[in-house]
Every structure is written in structure tokens, then in C-alpha cells.
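These are my notes from one sitting with a structure. I went through it one topic at a time and wrote down what I looked up.

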Amino acid sequence: MPFSPMWKHAALVSAVCLAVSASDVVAAEAAVTAAIRVDLTQDKAPVSPDLYGIFLEEISHAFDGGIYAELIQNRSFEEGVLPPGMKLVRKKDGGLKMELESLPPGVPKGKWPMPWPWMMNCGWDPGRALIGWSLRLGGGAKGRMKLTEANPMNRASSRSLEMTVSSGSGGSGEVALVNSGYWGIDVRAGRPYAATFFLRTGTFGGDVSAVLEGKDGKVLARHDFGAVKPGEEWQKHSAVLKATGREPAGRFALVFRGQGKLQVDWVSLFPPTYKGRPNGLRPDLAKYLEELKPAFVRYPGGCYVEGLSFESAPDWRKMVCPPEQRPGMWGYWQYRSTDGFGYREFLQFCEDIGADAMYVAFAGMTVHPENNWPLDKIQPIVQQTLDAIEYAIGPVDSRWGGVRAKMGHPKPFPLKYIEIGNEHPPALYGDYYRTFRQAIKARYPQITVIMSMYWSGLNRGAIERAGHENIDIVDEHAYRPSGWARTHFDYFDKYKRTPWKVYLGEYAHHHGNGDFGAAMDDSVFLMMMERNGDLVKMASYAPLFCNVHKRNWGVNLIEFDAARSFAHASYYVQKVFNANRPDVNLATAVDVQPKPDPDAPLMAGRFGLGSWNTAVEFKDLRMFDPNGKLVYRDEFAGLEGWDTPARGRWQVRNGTLCQTDKGAGPTMILLKSPRLEWGKVTVKARRVGGREGFLMFFNAFGLDRFLFCNYGAAGNQFSAIQDRGQPEGAAFRGGMSTRGGIEMNRWYEIGLVLTRDKAEMFLDGKKVSDARAEYLPAFFATAGYDRTNKAVILKATNYHTGRVRADIELTGAGEVGQTGRHIVIRADKPTDENTLDQPDRIVPHETPLSGCAARFSVTLPRYSVNVLRIPAGLKCAGPAESRGRPPASAARPALVLPGHGTPAASFLRRTVFQCLSTRRHRLGRADFLRQVSTGRGEHR
Ligand code: AHR
């Protein structure tokens, strides 16, 4: 039975857009126009010269196995060492987890309401202890390895590897201790690799060699150290291995021929590093950061600074000594860091790239909320922070300044900011911040002391406790769902101006793995910050780095494996925006035509049924129009009305639609027609096997983009309307959800009521969830003035499916030069991404911008982020000199575009990553999943 849709607007709009999809047609043909009036007589707030910074955290192997160039994983065999202050306990399922050994001194038992420690970051896999290492026996040799705590190499190294070697009869066999690196070692012909290791030969006598080899065992470099004799002392061995061949996923081996028992520790291998620094950084990754020209670098976390226990929180003093004397630290992100990229290397890197350093200090509050070091006992921790400052900038005759000088750096490092802790929700944190700030300001008034906020807005309780006048700047974290910036363009405009300023220490829009849709959103977010330059002084995207083999977080800026790397589109947005940062904002009015149709249904689309790891049956499907008239029914005599083959195992049996695959998710079958635009659907549903309940899809565009009613979500815990991607031109806003699962072998009636912008989900006639869609504006622009180069800088983002003609008017301009510059970052679709295999799919392109005048038009491609530089003088003298940092563009005439790619993650994986990474505090797993799935993690 055909459905007669009453609302055709959506189809009409996309037909119009399709008709004008070619990109280089003359401007006058564009269907959408944007009149942009820039008033050069009205300076608004200055754009902060420090706006564009970066944030480096040890997450997803960003440091070890990432920017820190060390190639050996688990080099000192410490991976299995329990973080101090934690103990192992057996879980019900037989596995192990960590718990705090005891409460902080002076803390009465029972005071802390949190069940500590919080679950996710306290898992423990004993198998990790030897991660990276294996033994290979050749030519009849015999050998064994085991970890030992006997005869430690130094105080930092509690463990080493004990090996038993026997070359066998004739002594021709060899025992190779192999390290696989961080999922491979990038071996390049001609490249020198500096190998170092320590041996305590014990009873062993024989030959030792170091080898770089291919996956197939082919030797690519080798150094023979010759014979070693038995002995009780630890001896250091070093050599440079020059590779003769190429292998992107190579291995390193120490090869032993002889007899006896010996100990091995601290096995290290370094390729040439960024700027040739010892114990330095991986050049391609460091280069990405250098080219961003960041004003500052935030380090080392994030959650990483919080510590699981007080004893295991980072202590910078253990990160400045020689690397083999650093004990390393088990981090929040479930692996151990060597702290090789330590405080000292961080400060050096800041100096190398001309950025200010921001050190995030442990605040005495661990990652477990309210598990705080008592405030009246906080002095030693405050002192630790004061010492960190002294190490960085203190005079050479001060205690720690002297240590810095002795280490070869008498000159102070560029430390400008200290942040106190990271994301501490309790209002009590305000007292901690105030205490730290007071102590820091007393000795270092020039240091900006940053107050950490929580997610999505301000921690007003903590701000009140600290007192407004006692705060320099607050660090608000903003992980936003796709499209958020489009509906919150005035977010910062509405902030009450107070004595303190705002720093967006962690921000990112989440879409795909960081696709072009997310980059467009980030561009709008940056425009929001630029145009509120009086308030928003600094920002840094998060997370910055991700090793594709250990992804703690869904969306990251730069990804890499052992040999390759690439930057997501958002990286190029930041790079181009920073290179074209105006000194001051100009009043800018934007009028986009045509205006959206207020009646267009926002969640119209195809309808379908399905399940997740569950066998289900459906019958008696009915669809009604908004007046309650039946417009479609299906008694499931056959599958002709449905798209087949569908995802899952679908068949009809006795008037019932059956999906029999219990192990697949999401299974999905889509109705050919009618589309569901506005009306109601009911269908009977029964779960007959598997773990969850039913799915009912709407606003579906193929198998990968849809909205859906999820009955028995997340292991049959709750029911809610969820999204996989956003409706075209609209933002999905999840609403209520209902706890409870779907019973086996029981027929339910499930239903969906859809209006222009609202969806309601029913179970046996009772509403269990709802959601809204909000129209998304699709064009944004801001403008400012670059005084040094006398140019109007106009930034514009076009989300339209077709190009937009921008009619630009510069009021109050003096002489306007004819030719400017147009830098564009664009994609064919918002879901396009750069990957390891396609690293340069989305990069900036620059063309001359001809025909500039006081009034002129320019075509902006569909799905594009644009920067227009229009040479224009001022009629009357503008505010005197340019201030602060010179625009990064001044020193950089052309864009240099690096790159390299990764396979796209599945929806499931994304959700899991979000779960793993999404916080955590005070939420049970179900609440947490509900928030993630309904997009309601915000509070402000
Ligand atoms: O950037 C990832 C994490 O998100 C950071 O560690 C933390 O500060 C935030 O919760």
C-alpha cells in the first residue's frame, strides 16, 4: 500500500542542491547566497595571539610508541610493575584489577563516598609484563627467560630479564631476545640506529650481537659486540647499527651464543631524532607540531596527571634525570610510560619550537573523585609544583635552577603557565586551586595559574569557592557532538565577563574518526573563540596523537603507526586559521538566502527493522499518516517490499519476519517504500535468542547512517532513541531513556511517532524515549584585520551540499587591492577523512583571489572551510600598532602539507572508544552508556 508523504520539502531541497553540484561554475549560478558585510571602521575585541596551542598527553601511546623516538617497547621490563599505592585483587570473573592499598593519611575510613578505585582505568592484565618481548631459539640452542627482581640495575629499575642460554652441542646455536617495537620498528636503509643495553653476565660466557631484522628474519643491520665474560656487575653496551634495507615493521634482537645465566635490562634503540636531540623525538610527528606554530604546549595530561593513587601520580622530579634512572609510571590509560619524554624533554621541545610551556601539576586530587589529599597536608605537593617552576625558570644559583644548569641548560626554559590538576568536579577543588595559586604567585607573579574545569562548561561551585578575583583563567573542556557549534555560535558571546579569562584546554567535535564534518564544526568553534577574543585567550585540541594500534580515544588529531603518520582535517583547519589569525575582530554581518523552510521534516527518511546480537521476529507492521490514516501495512507474506539481501539472516515464516543471526549487530532490513516522514508506526516484536532486544530504524540513508529506536540497548539494560550519524542539515538531540530489558519469547508492541522535529519511542503503548532534531545553520563567517599585512581576513565555513556565492562588502575600507588569497580546505562529503593510506585527501589549497574590491563576490565550494585574505587599507588610521605575536603567516608564504592514513573505525568500535574514554565520574556503566548514546553528556 503506497504512502503519500505530505512533506516533500527535504527531497526538493536536495534536488536543487544536486542540480548545482559542479564546483567551478561561475559565482552567479550558486543557489545559496551569503551577503557578508564587514565594517572596517568598527574594531571589536582583539584576537588572542595565544589562541592556538597544543596539548600533549600520554594517551593512545602518544609519548611511548609515539612522539618519543624510543623504538623498544617495554625497554626496562617494568610494564608489569604495579603502580605504587595500588594492590591487585581478584575479580568475580577470575581476572585481576587494581585497588588502592589504603586511604591517604588522616582520612577517616568511610568518608569517601566513591567506591574506589573507579573501575575502567584499574583493569590489570598480567600478560602485559613481557609485552614486546619474545625468545627465538636457533640451531639447536636452548633458552629461557623470566622476569626477576634480583640484582636490580639501579633504584629506578625494579625488574630485569633473566635469561638462560645454551648454544647446544658445537656451540653453533643462538638464543635471540626479540623486541617487536611498538607494533613494528621502522627500519630505513642508510639510517643509523643507536642501540644501548645493559647486561649483568652472571655465569654467561659467549658472544653477543645486536640485530635489526625484517619480518621474515632477514638481517638489515648487525653489530657484533664480541665475547663477554661471566661477571656480577652491570655493564653498558652501545653501538650504532646502520640499516641496509627497508622494513616498515621490523624487529630488534639481542643474539646470544654461549652458555650460562645472565640478566638483561634497559634495551634501547633510537633512530635520528628531531633536531638531533639526545633522548629525543620522532621527527615526522614533531614536525606536525612545529608547523602548527603553537603559542603554547600543555603537558602531560589530562587524566594522566591525576594518578590512580597519590603515590602513582606523576612527579616531575623523576622525569629530569638520565632516562635509565627514571622509574616510569603506570598511567590512567592502561599502560606504563617510561617518562622518557619527561619534563625536561618537554621544556626542551617548547624551546625548540618557540612555544610557551604549560605544565599541568598534580593537584593532590587523584582520578578518583573526592579521594583527595587533605588540604591541610597539601604543602609537600605545592612544594613539588614550586620546584617544577624553579627547575624551569629559577636562577642557576637556586636549588633546582642549579640542577637545570648542571644538566647543560643554564638558560631558563619558556615556562609561562601552570595548571592545577585536571577535571576535578567537586567544588572543594576551588580551595585547592586557591592554595596552589597563592603559593605560586607569591614567588612567581609572572606565571599564569590555570584553574581546571570539568566537561562542557564551568565548574561554578569551584569558581565560587576559589573566589573570582583569585582566578587567572579557567580551562573548560569541550568534547562536543557533531553539529554542536552550529547551534551554539553565540555560546561565548553569552558568557558573563568576569575578572578571569577562558582557556579551551581540550576541545574537539566528534564525527567519524575525525572526519571533514568534525573539521567543519571545529572551524566554526574556532571562529566562535576568535570573535570572543576578549574572553577566550587560549585553546588546544585533544587528544593530539594516537597510535593506531592502541586507541584510547575515538577522535584524535594526528594518527600514526611505526612508519607512517597523517593529520586529520581539523589539523589543517587549525594550521590555516593560526597562520591567518587577525589582530582584531571586525563587525561582520552575515545574511544567508534562501532561508530554511520552517515546515521541512527534519527526521524524514527510510524505515527499517533490525536487532543487535539477537534473533528477533516481527509481525503486523502498520504505518499511519499524521491524521491517523493507515497508509501502509505489511503482513509479511514475502520480502518483496524490502531491500534484500539485508544485513543479518532475514526470512518470512507464517506472516512473521524473522532475523535468525544471534551474533551480528546491527542487523538491518530497510523498507523499499514508503519513506517515513511524519506519522506513526507500530509493529509487534519478539526476542527469540541472543542478548538484547529490537531495533527500529528511521531517517535511514543506507546501512551506515540512521536514527534508531534501540530496545534493550547495551546488553539489554535500557531503551532509547539513538543516532548513527546526524540527520542531513539537522542536529540530533537525544532525550529521555528508560531502564529495563526485553524479555525472551514475549510479544511486545513497539511504536514510533514522528513529527517535524520530534521522535517518540513506545513499548507496549508506554513512551520510553524521545529525541529532537534541530535545524542546523549551514554557513558561518567571521572577519578580522591583520594590521601588519594590511588585509581583511575573512573565515567562512560552508556546510551546504552546493556551493555558496558570498557577496562581500567592505564598508569603511581605504584602498582595496585587486588580488588576495583564497585558502580552502574541502571534501566531497562530510564523512571523508584522511587515513594512513590516504593521508593527503583533505589538505589546504591556495589560489589567488582575483577581483577583490569594496564589493565583490566569490564562490565558496560545497563542504568547505575558507580563509580569504583581502588586501585592504583603512580609511582612517586604525588602532596603532599590531600587538603580540606576529601572525604566523608573516613568516610563511606557502603551505607545507605532510601526511600519510588508517582504516575507518566501525560504529561499534567508536561507541566502545567513546565509552572507554568518556568520563566516568559518578556514572554507573548504564547511566554512562545512556548519556553517550543519547548525546546528553553536557552540563552547563
Ligand atoms: O583528552 C582525553 C581526556 O579527556 C583527557 O585525559 C581528560 O582531561 C579528558 O577527560
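I began with helix 3 (residues 343–353), which is mostly covered, with 10 of its 11 residues buried. Helices (H or I, at least four residues) and strands (E, at least two) are DSSP runs, numbered from the N terminus. Buried means under 20% relative accessible area, exposed over 50%, and partly exposed in between, with a 1.4 Å probe and protein chains only. The model is predicted, and local features need pLDDT of at least 70, side-chain atom pairs count only at pLDDT 80 or more, and totals for chains, interfaces and linings use all residues. Residues are numbered from 1 along each chain as its sequence is written, and side-chain values use heavy atoms, with hydrogens and water left out.

I listed some of the buried residues of helix 3, among them Tyr343, Arg344, Phe346, Leu347 and Ile353. I then looked up what covers them: the cover includes helix 2 (283–292), strand 16 (296–299), strand 19 (356–361), helix 4 and strand 20. Contact here means heavy atoms within 4.5 Å. Just after helix 3, I found Gly354 with a positive phi of about 70°.

Next I checked helix 6 (residues 429–443). Its 15 residues should span 21 Å at 1.5 Å a residue, and its end C-alpha atoms are 22 Å apart, which agrees. The expected span is 1.5 Å times one less than the number of residues. Its buried residues include Tyr429, Tyr432, Tyr433, Phe436 and Ile440. Helix 4 (379–393), strand 20 (415–420), strand 21 (448–455) and helix 7 (460–466) are among the elements that cover the buried residues of helix 6.

Then I turned to the ligand. Which residues are closest to it? I noted that 15 residues surround the ligand, and that the closest are Glu57, Cys303, Glu423, Tyr479 and Glu506. A residue counts as near if one of its heavy atoms lies within 4 Å. A polar side-chain atom of Glu57 lies 2.6 Å from an oxygen atom of the ligand. For Glu423 the distance from such an atom to a ligand oxygen is 2.7 Å, and for Glu506 it is 2.7 Å. Taken alone, the ligand exposes 280 Å², and the protein buries 100% of that.

Six strands form an open sheet in the order 34-29-36-37-38-40, with antiparallel pairing. Two strands pair if DSSP finds at least two bridges between them. The edge strands, strand 34 (667–670) and strand 40 (738–739), each pair on one side only. Strand 38 (residues 718–724) pairs with strand 40 over two bridges, in the antiparallel sense. Ser719 has Thr738 of strand 40 as its bridge partner.

Technical notes
Polar contact = N/O pair within 3.5 Å; in protein donor to acceptor, adjacent residues only side chain to side chain. Areas by Shrake-Rupley, 256 points an atom, 1.4 Å probe, with all protein chains shown as cover.
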